[in-house]
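Work through the exercises below with the structure open. Try each task before reading its solution.

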Amino acid sequence: MSAEPPSYSAAVTPQPLNLPVFQCLRNKRVVLASGSARRRELLNQIGLTNFEVVKSGFAEDLDKAQLSVYEYVSETASQKALAVYKKEVEQDADPALIIAADTVILSQNQIVEKPKSSIEHFRMLQALRDEEFPHRVYTAVACIAPLEKPVYPGYNLQTHIEETQVYFAKDVSDEFLSAYVASGEGTDASGGYCIQGKGAMLIEKIFGDYSNVVGLPLKSTVMVMEKVLFPDEDEGESDDE
């Protein structure tokens, strides 16, 4: 007789999947090195609800002219994670895991971040709409876990960069863009729009991970968590290849 399928009775509860990475973190201290409400909501979506939020304080002022977009987001995310890790170590409060991320948009080979004024916000959206090609959203995820063995530097740091192509709707009018800017949504988002909110009306289609455009690619984040929490297993896989 075949086994009974799992019950759906608990499927609606915000519990993580029964996987080793989430079992490892059960009753342990997890820190999100970001004040982003969107990233908090995304972690909640995968059942990771028991975590603390500690803003990194990293200035995010790396020289864009000297770095590729990959180097820029990767280094920024890593520095956010390291800033929080060092802060926690100084307070003798080692967390089991620190998660940090940085999201930018690349449009016309220029890194686009958050708008600094309503005028800049409007022009930013105009440029994204009028660009011939789709813009690209890059999010670097950086995770840090302390090492059990006393080996320099005392922690394991792993990163991953996710890319999603986003096509703006060409028929969105300037009046619509002006109304969107006036709504206040997107003022704290790279590119000046929130795809999970009213900003969805600006978008025609995307290619890639939707959660990446929101601010944290969930599948890749879990992958990085696994790599940083189980480094020996990762090394073993590399040896076999």
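Rings of Phe, Tyr and Trp pair if their centres lie within 6.5 Å, and planes over 60 degrees apart count as edge-to-face. The model used here is predicted.

**Exercise 1. Aromatic pairs**

Task: Find how many aromatic pairs the rule gives, then classify the pair of Y167 and F207.

Solution: 
- Step 1. The count comes to 4 aromatic pairs.
- Step 2. Y167 belongs to strand 6 (residues 155-168) and F207 to strand 7 (residues 203-207); 40 residues separate them, so the pair links distant parts of the chain.
- Step 3. Y167 has a relative accessible area of 24%, so it is partly exposed. F207, at 47%, is also partly exposed.
- Step 4. Look at the face of the Y167 ring. K205 lies over it, 4.8 Å from the ring centre.

**Exercise 2. The surroundings of strand 3**

Task: Decide whether strand 3 (residues 97-107) is enclosed or open, and name its partner strands.

Solution: 
- Step 1. Count the buried residues. They are 11 of the 11, so strand 3 is largely enclosed by the rest of the structure.
- Step 2. Sort the residues by direction. L97, I99, A101, T103, I105 and S107 point one way. I98, A100, D102, V104 and L106 point the other way.
- Step 3. Take the parallel partner. Strand 1 (residues 30-32) is joined to strand 3 by 3 bridges. Here V31 stands opposite I98.
- Step 4. Take the antiparallel partners. Strand 5 (residues 135-146) is joined to strand 3 by 9 bridges, and A142 is the bridge partner of A100. Strand 4 (residues 110-112) pairs with strand 3 over 3 bridges, with V112 as the partner of I105.
- Step 5. Inspect the turn. Strand 3 and strand 4 form a hairpin with 2 residues between them, and Q108 in the turn has a positive phi of about 55°.

**Exercise 3. Salt bridges**

Task: Which residues form salt bridges with R129, and which one does with R136?

Solution: 
- Step 1. Recall the idea. Side chains of opposite charge can pair when their charged atoms come close.
- Step 2. Search the whole structure. The search finds 8 salt bridges.
- Step 3. Take R129. Its closest N–O distance is 2.8 Å to D130 and 2.7 Å to D174. The R129 and D174 pair links helix 4 (residues 118-130) with helix 5 (residues 174-183), 45 residues apart.
- Step 4. R129 is buried at 9%. D130 is exposed at 52%, and D174 is partly exposed at 34%.
- Step 5. Take R136. It bridges to E163, the closest N and O atoms being 2.4 Å apart. R136 is in strand 5 and E163 in strand 6, 27 residues apart. R136 is partly exposed at 29%, as is E163 at 30%.
- Step 6. Look for a network. Salt bridges with shared partners join R29, E52 and E88 into one.

**Exercise 4. Helix 7**

Solution: 
- Step 1. List the buried residues: L218, S220, T221, V222, V224, M225, V228 and L229.

Conventions:
Residues numbered from 1 in each chain as written. Predicted model: local features only at pLDDT ≥ 70, side-chain atom pairs only at ≥ 80, totals over all residues. Heavy atoms only, no water. Buried < 20%, exposed > 50% of the residue type's maximum accessible area, 1.4 Å probe, protein only. Helix = DSSP H or I, 4+ residues; strand = E, 2+ residues; numbered from the N terminus. Pairing = 2+ DSSP bridges. Phe/Tyr/Trp six-rings, centres within 6.5 Å; stacked < 30°, edge-to-face > 60°. Lys NZ or Arg CZ within 6 Å of the ring centre and 35° of its normal. Salt bridge = Lys/Arg side-chain N within 4 Å of Asp/Glu carboxyl O.
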